[in-house]
Amino acid sequence: MKRRALIIYCDNTHSGSIPGTIVDELQYRNFLTSNLGGEWYDKEIISLRNPDSKTIRTVIKNFLSIADYSFIVFAGHGYINTSLAVPTQFIELADVDISILDLKTKAKQQTIIIDACRNRRAVSRLRLNTRSKRISENLIGDPYSTRKLFEKELRKCGTGISILYAAEPGQFAIDSNVGGAFSYSLIRSCMLWEQKKGNFNVFNLREAITYTQILIKKLFLTDQNPCMQANRSGSQYFPLAVKINKLK
């Protein structure tokens, strides 16, 4: 199975600075390459900081074109364009704003994560009142390889696209000293799941978004409510995190 991941993080575009996106990029990359995230290879991931639309199109056309499964993250400014016949989420790049429809690839299975506002162009910032270290310092994972397990779980799923949003339409997305509130809570949810005892070895997107909806409110004291849009065949959701349960 061929995988490709793209992390787009825009900390300095025309709507203003979002320094937390720099943390987001590091944490997503560390998560993906960890056992918990499915042990992606570094060569399967490209990170783009404040790219323009041409660069995005080129990377999707070339780097991601061979993927069976593509995973794209955007962290930055965004909003819903309500002037269109169908209100559509847009993201802000270095030159222009583009629809998230432009992030679609040719892969049969696709996950897109949008950590951006879904209201007007604004962003809230805060400091997370916690002694927790940044996620990148805590991703230990199981000592056994999970790469094959992650791909095995993907093969059980149907085709299509799943999109995870940081908030519901009309809501802002919080940025913080530990990265985007949504991205931090999403990855933290995976880590908390990993620590739980049980026979389940996959944490899928639906389970992750449900857990994140609870965790983000506890950690950031916000009404920001992450949500998911799934357009796919089959009854199973794509995996986000996996683990190998040790034999006792």
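Which residues lie nearest the centre of the largest cavity? Select Ile18, Gly76, Asp115, Ala173 and Asp175, which hold that place among the 15 residues of the lining. The model is predicted, with local features needing pLDDT of at least 70 and side-chain atom pairs counting only at pLDDT 80 or more, while totals for chains, interfaces and linings use all residues. Residues are numbered from 1 along each chain as its sequence is written, and side-chain values use heavy atoms, with hydrogens and water left out.

A cavity is a set of points, on a 1 Å grid over the protein atoms alone, where a 1.4 Å probe fits but cannot get out; lining residues have an atom within 4 Å of a point. The count is one cavity of 30 Å³ or more, and the largest cavity holds about 100 Å³ of space. Next, select helix 1 (20-33) and strand 12 (174-176), the elements that give two or more residues to its lining; helices (H or I, at least four residues) and strands (E, at least two) are DSSP runs, numbered from the N terminus.

Ile163 is buried because its relative accessible area is 8%, buried meaning under 20% (1.4 Å probe, protein chains only). Leaving aside neighbours within four places in sequence, Ile163 is in contact (heavy atoms within 4.5 Å) with residues including Ile100, Met228 and Cys227.

Finish at the cysteines: Cys227 is buried at 16% relative accessibility, and Cys117 is buried at 2%. The count of disulfides (pairs of cysteine sulfur atoms within 2.5 Å) is zero.

Definitions and conventions: Buried < 20%, exposed > 50% of the residue type's maximum accessible area, 1.4 Å probe, protein only. 1 Å grid on protein atoms, 1.4 Å probe; cavity = no way out; pocket = protein on both sides within 12 Å on 5 of 7 lines; lining within 4 Å. Points joined across faces, edges and corners; volume = space filled by probe spheres on them.
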